[in-house]
Amino acid sequence: MPIGKAERVNRMPGSVPAGKAGDGTADVNPTVARRELAVYFHRLREQRGRTLGELATLLEVAQSQASRLDTGARGFQRVDVERLCEWYGLGAGETDRLLALAEDGRRRAWWQQIDLPDSYRTLIGFEQAADSISEFCGM
């Protein structure tokens, strides 16, 4: 996605448009899609007063894995999103949007296909989606 050309229709700031990379729609940024989905479900979990332990039980995973999902360090599987949408009572339209985000978050962009530390891959992913990049240099 070219810098400054991010589509922001019905999405959170910094989000990515739905579509498949190379199919003529929009290039997908899996880093931002995964983070947007994590933030969305994290906020819902906190608003509804649910714990990480309850999340882990629902998804049938260890609490450490639930924590990685909650922070966006790990991407959601389709079944995870379906269970969460049902748990939170979300409608069909919102469920479809979140399932598309989960699919986008599981794609592999060029920076995820080379041997780099995870933190550097995340940085590159956010830089790819940035409208602008500022640098601070203290003296």
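Gln63 is a residue of helix 3, the helix that covers residues 63-71, in what is a predicted model.

**Surroundings of Gln63**
- Leaving aside residues up to four places away in sequence, Gln63 touches Leu52, Gly53 and Ala56.
- One of these contacts, Leu52, is 11 residues from Gln63 along the chain, and the C-alpha atoms of the two residues are separated by 6.5 Å.

**Helix 4 and helix 5**
- Helix 4, made of residues 78-88, packs with helix 5, made of residues 92-105, at an angle of about 155°, and their axes are 9 Å apart.
- Because that angle is over 145 degrees, helix 4 is roughly antiparallel to helix 5, and the crossing of the two helices is right-handed.
- On the side of helix 4, Arg78, Val81, Glu82 and Cys85 take part in the contact, where they meet Thr95, Leu98, Leu99 and Ala102 of helix 5.

**Confidence along the chain**
- The average pLDDT of the chain is 79, with 81% of the residues scoring at least 70.
- Residues 1-25 have a pLDDT below 50, although in the model this stretch has 53 contacts beyond near neighbours in sequence.
- Among the elements of the chain, the highest mean pLDDT, 95, belongs to helix 4, while the lowest, 80, belongs to helix 6, which covers residues 118-129.

Key:
Residues numbered from 1 in each chain as written. Predicted model: local features only at pLDDT ≥ 70, side-chain atom pairs only at ≥ 80, totals over all residues. Heavy atoms only, no water. pLDDT = per-residue confidence, 0-100. Helix = DSSP H or I, 4+ residues; strand = E, 2+ residues; numbered from the N terminus. Contact = heavy atoms within 4.5 Å. Axes fitted to C-alpha atoms, helices over the stretch in contact; angles between N-to-C directions. Parallel < 35°, antiparallel > 145°, perpendicular 65-115°, else oblique. Left-handed = near helix turned anticlockwise from the far one by under 90°.
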